[in-house]
Amino acid sequence: MFFRCCLILPLLLAVTAFAANTQAPIPPTANVQPPISPPVNAQPQNAPPANAQSNVVVVVSSKSAVKSLSAEQTSKIFLGKVVTFPNGQAAVPIDLPEGNTVRDEFYAKVVHKNPSQLTAYWAKVIFTGDGRPPSLQTDSMAVRKAVAHNPNAIGYIEKSAVNRSVRIVLEP
Amino acid sequence: MIPATPALAPEQSMFKFGGFGTLGVSHSSLNQGDYVVDSSMPKGVGRSNEWSIRNNTRVTAHAIANFTPQVSAMFQVDSEYRSDGSYRPEVEWLNVKYAFTPNIYMRVGRVPLPSFMDSENRDVGHSYVWVNPPVDVYRQLSIPSADGIDAVYRSEIGEAGNTVKAIYGTNTEKSSDSVSTSRDMWGIFDTFEYGFATFHVSYQQRRSSSQSLATGVSGAWSNYSDLSVGASYDPGNWFIISEWVQHRSSTKVDAMYFSGGYRLDKFTPYFLYSQNSAGSFLTDSPSLAAIDRANRSQSTTGMGLRWDFMRNYDFKIQYDLVKLSDNSNGYLINVPTGVTLYGSRFHVISAVVDFVF
């Protein structure tokens, strides 16, 4: 009798998960505001203002064939679950360092993981030999430069750091 | 292993070292038997010691070498409480991987067995919420690896992702009083992910024979099979997860767990319910010892709190209420002969710190 209950429970879970998944996923941060773009030269790039509404955008090289990406596709690339863009082109994700607020905002809005969930995720993947995390660059300018040079690269930077060398493919 | 300083060059070095571990202690309210998390442990917490680190202390060193984009190797050596009562370091995994494409690869050597959703990362405390993966289920199949080959195929089906793995090999496992050799181990393991949901199904089979360490006598070869099904849903702020396994040899035993939790800033409170059922016999005329083993069953109701107090570290405290079935001593070991603890309830409190480096 127990065995039948035990089989039903995971199946029930599966049905619930599918039903719940048909609704749009709700991001953990409740604030939904229209993006505010500060004027380009208003503040120094490497000194974030005290109350920065840091708007993160996902970019690829302007030489890349990729025009746009969904949050789901971007999330899979940065979690190492896929290594190509939907068009089959190789995808090389580039991260900002741990502790960076733009990184935290990207992972919260697009990947739906906080920093400790992300560490737990990579601990599992790395120590079972299933992959490795993206390479790192120090700040948005360095990411933009690295992405601009590599048609296969994808990164996330502050919206104010965007220029013509990169193209925005996702604005979460 | 988790990069702490940003690399200025996009290339990654050939060798990477890292590791992980857990330091902890648990306390049992029952002093007539030992509570253990794995069937190979000769002692646990309770009768041998009221407080013990045996169930909660382990450390692993890990190295990866990327020779070319196709060829890499992985090495892992760990130290934990063993069947001989020591913490002697042993090679947990050592294998060479050849990637035909990033989504199709094969490995040769000692490879991990993904019997349950957290089997491969069972020793990485930082990667899951509980103090140990639910004991009533995970101890059903404590063979962690196979010496042989595995092959993996990852694919995308629309927005869903699927990973299927096949393994073939052998294994030698020591317990406190015997050595068990398994041959013709093979298994198929599938993980399917869609959005926030993950599903896992696996089937594996082996033939095993046990040799008693005391007498040197080997038993007959028996067939074993295990079927497991699991599902989890994790949208970020909360999660639920459940797994079920059916283990067959001369008896059939089921075990399952159901767990969930909520994330509030750096804290994750969680609950856990697990149980294994008494086995039913698949052969006639079992021996008394076999009936005794088959009758073992217990359930666990637990709750705990995980606190991610610092990057790469976490602290957990967990309270487990264990209830033994009405006609067995459950999975307790070192119970004095003649003592029956049928129907007893006792609790285990555990506190651990996990780390990765």
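The structure is a predicted model, in which local features need pLDDT of at least 70 and side-chain atom pairs count only at pLDDT 80 or more, whereas totals for chains, interfaces and linings use all residues. Residues are numbered from 1 along each chain as its sequence is written, and chains are lettered from A and ligands numbered from 1 in the order in which they are written.

Chain A contains five helices and five strands, where helices (H or I, at least four residues) and strands (E, at least two) are DSSP runs numbered from the N terminus. Read from the N terminus, the order of these elements is α-β-α-β-α-α-β-α-β-β. Chain A has 172 residues, of which 34% are buried; a residue is buried if 20 or more other C-beta atoms, placed from the backbone, lie within 10 Å of its own. Among contacts in chain A with a separation of 6 or more, 68% are between residues 24 or more positions apart; two residues are in contact if their C-beta atoms, placed from the backbone, lie within 7 Å.

In chain B, strand 1 (residues 15-28) and strand 5 (residues 58-66) run antiparallel and are joined by eight bridges. Strands pair if DSSP finds at least two bridges between them. Within strand 5 of chain B, B:Val59 is the bridge partner of B:Gly21. Strand 1 of chain B is also joined to strand 20 (residues 345-356) of chain B, antiparallel, by nine bridges, and B:Asp354 in strand 20 stands opposite B:Thr22. Two bridges link strand 1 of chain B to strand 4 (residues 51-52) of chain B, again antiparallel; here B:Trp51 in strand 4 stands opposite B:His27.

How values were computed: Buried ≥ 20, exposed ≤ 12 C-beta atoms within 10 Å, placed from the backbone.
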